Amino acid sequence: MLAQLSDRVLDEWEGLFPGSPKPRGIQYLGIPGSIEGGTTTFLAFSERQKKPEFVVKIHRSPEGGDEAQNERDVLLDLQFRGGAISSTVPRVILCDQIEHRWVSVQSILDGKLMMAAMTSKGLPDMASAEMNMSLAKGWLVKFNITMEHGRSSNSSWLSEYRTNQLRALETIYDLSEFEHDYLREMVAAVGSPKFGGLPLAPVHGDFQRHNILVSQDGHKTSLGVIDWTFSRGAGLPLHDLFAFTTTYFLQIRSTTSPTSLMKAFEDTYFDLNPYSLLIQRQVSEYCSELGIDTSLAKPLFVLFLFERALFEYFQLERCSRTGSLPRFAIYLSQEETSSYREALRHQLWIGFLRTFIRQSDRFVL
Amino acid sequence: MAVCPACLNPTGRRAWTFLCDGCLAGWSIKDEIPTLNDGLVTRSMSGPLEHGELGQLVASAESNGWQQALYEYNSVKVARGAAPEEDQRLADWQYLVPLDRNTVVLVVGSGLGTVPLSFSERVAAVYVVDPVWERVRFLRIRAVQQGIQNVFPFYTGGRFNLPFGAGSFHLVVLKSSVPWGAVDDTPRNQRETSQIILQQVHSLLRPGGKLSLVVGNGLSFLRLLSLIIRPAMWIPRSIEALKSALGLGQKVHLGSLIGESSLLGYRKLLRAGGFTDLDVYAPLPSHTGVPLFSLPLNSGTARKHFFSHIFPLFEMVSPEVKRQYGLQYPIARLGVKLALRFRLTAMVKYFVPGYSIIATKKPGVGSVQEC
């Protein structure tokens, strides 16, 4: 497949990479990534320059077409709108089926993956956390402003959300009556006329450090954001910011156990410490810059957790159809169950959602 | 498709046996799987432990479904601190070779079925041979339960004697770590075994066909490090390896299809075996298990980019994954730092843990030169 792709790209080089000298040949460095994502990535190299020429994303499943085309459409939209954001996202060079698999060829963004540090006490280092949070928040604000003209009203959207999404969650997970009522209350809260209607927001869908590149140009620091597979034009506000703030600590913790994951989550949102106060401040500033009522933060956070729980379930379920569950999913479920079907339900995000519902009064935001 | 391994005449199915139309030799079919070792299914050659776990895998797959069986099997591994031995990423190298709906593939060593079943979606047919009964059986169960009809497993027992005619395949996939018994009754040293295996594979391929070979590196940095730390452990093996290289080695039935060698050794072996256009990759962190990266060793720019920009990403993995790699990662990190510092990245290819080599059968080459 890649040989066929190379032939095509080289044949069409002048059109695809105007102004760039055509290389003699292309070699590919494979970076499979996580199996839950459903794609595998190759960086294309030639001998003419030190950095990759382009990146190739291949959807492993024959049903990857929707995701490939969705990503293409969102990226094309961002490029079309121009402005500061367009240079921070990949350019779609090609998106097509080759040998019965959907393949997306995208440009390379400058920068290195956003790194983060821990203190000896097991909390994120505040200096790097503050810098990273500000960069992430700043980018998300620009992203929202750039896409503002695409926002839709929420009247039928919320009704459909309640019917489809909430019902899916209730079907998949065995929610208690209390959890069930709480979630319905949160959905009703975001649709409350008190807020004059909820403006929907564009969503990256996987806004975490491993998809964010940081580059330095003198004193100026810029972000680039990759992997738009799960993006959508309209979703709940604050989704991406919460994805970033929730996973930031999870990824850099030093202890190893499912309990440590829960502790990191609780330290981020239920314990008053410099890190949680930083998150509080960032969320507050973000809401202020985008005109979102800060009292919506709590219900929006609950819905973010519920969307992640659903997303995680469907990703794992897709994995299980063709092979093993990821190691992490097996690791999390081991103490709870010996059934793979139950393992799909004993994962990280439903655990966070349930923890939140139990401790919602202590939520620092 | 199948031919008699003894006389290469076509075989035909008669109820529960395959019969050769030429010499009338027959092989039984057990659980819909042709068995090639005199019709007898013997115990797993991998030893009692694996036989136990694999036996449970098969039993659970039959009664509870392959997904539940795989979950139970992998749960045991994860509980021990290891990772599942296979997932979809293991087959991602398939995008480096041309495949289409006419391609016919031979996979030597079925594993847990990930590679053959992944290929089955994109090609005409996948033939699979394995010396371990439980693995072949599990593959068959998976194929049936997943509704896959173009995967054809064969149980070979301990003998690498394949029932396929010359030029049957567009692609042969061979992982050298698959334990096998022998090619025939003659005791041979590892070098001879490797040559004969490649000779067989060469004949099975169509002209221009591809061989995908995954092998360990005899000069891997971990091997060299353990040589320094525990030299006594490696002296006997080193002597045997040297004897084998000189054709003086004890002639025994050995476990690996292709003996471990260096990069230069593999290049020489493959070229002598009638293969050309070698694309060499380093599956990292190791050629065993699921690779997180596949580094093209023929590309200097890819190598340098990998060491400068991608290798450091390992810092981002979870603590559980870091723990899984123990000392390997800090040692590799030190090696990468030194290589970058002293501009020795070109040398790294000689010391990686293993290789994934995609080689092309020379068109118009019928016979194999002696090594």
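Predicted model: local features only at pLDDT ≥ 70, side-chain atom pairs only at ≥ 80, totals over all residues.
Start with chain B. Chain B holds eleven helices and twelve strands. Of its 371 residues, 53% are buried. The accessible surface of chain B is about 15,900 Å². Carbon and sulfur atoms account for 58% of that surface.

Now turn to the partner. On the chain B side, 56 residues are in contact with chain A; on the chain A side, 55 residues take part. Together the two chains bury about 4,500 Å². Carbon and sulfur atoms carry 58% of this buried area.

Polar and charged pairs also cross the interface. Between chain B and chain A there are 19 residue pairs in polar contact, counting pairs with both residues at pLDDT 80 or more. Three salt bridges link the chains as well. One of them pairs B:Asp92 with A:Arg60. Their closest N and O atoms are 2.8 Å apart.

Which elements of chain B give two or more residues to the side that touches chain A? They are α2 (66-79), β11 (293-296), α9 (300-310) and α10 (319-324). Helix α2(B) provides the largest share, ten residues. By class, this side of chain B has 27 nonpolar residues, 17 polar ones and twelve charged ones.

Two single residues round out the tour. The first stop is B:Ser194, in helix α5 of chain B, which covers residues 190-204. Is B:Ser194 buried or exposed? Its relative accessibility is 3%, and the cut-off for buried is under 20%, so B:Ser194 counts as buried. Beyond its neighbours within four places in sequence, B:Ser194 is in contact with B:Leu257, B:Ile258, B:Gly259 and B:Leu269.

The next stop is A:Thr119, in chain A. A:Thr119 sits in a loop, between β6 (112-113) and α5 (126-146) of chain A. Its relative accessible area is 32%. That value falls between the 20% and 50% limits, so A:Thr119 is partly exposed. Setting aside residues up to four places away in sequence, A:Thr119 touches A:Pro124 and A:Asp125.

Terms used: Residues numbered from 1 in each chain as written. Chains lettered and ligands numbered in written order. Heavy atoms only, no water. Contact = heavy atoms within 4.5 Å. Buried area = accessible area lost by both parts, 1.4 Å probe. Salt bridge = Lys/Arg side-chain N within 4 Å of Asp/Glu carboxyl O. Polar contact = N/O pair within 3.5 Å; in protein donor to acceptor, adjacent residues only side chain to side chain. Helix = DSSP H or I, 4+ residues; strand = E, 2+ residues; numbered from the N terminus. Nonpolar A, V, L, I, M, F, W, Y, C, P; charged D, E, K, R; others polar. Buried < 20%, exposed > 50% of the residue type's maximum accessible area, 1.4 Å probe, protein only. Areas by Shrake-Rupley, 256 points an atom, 1.4 Å probe, with all protein chains shown as cover.
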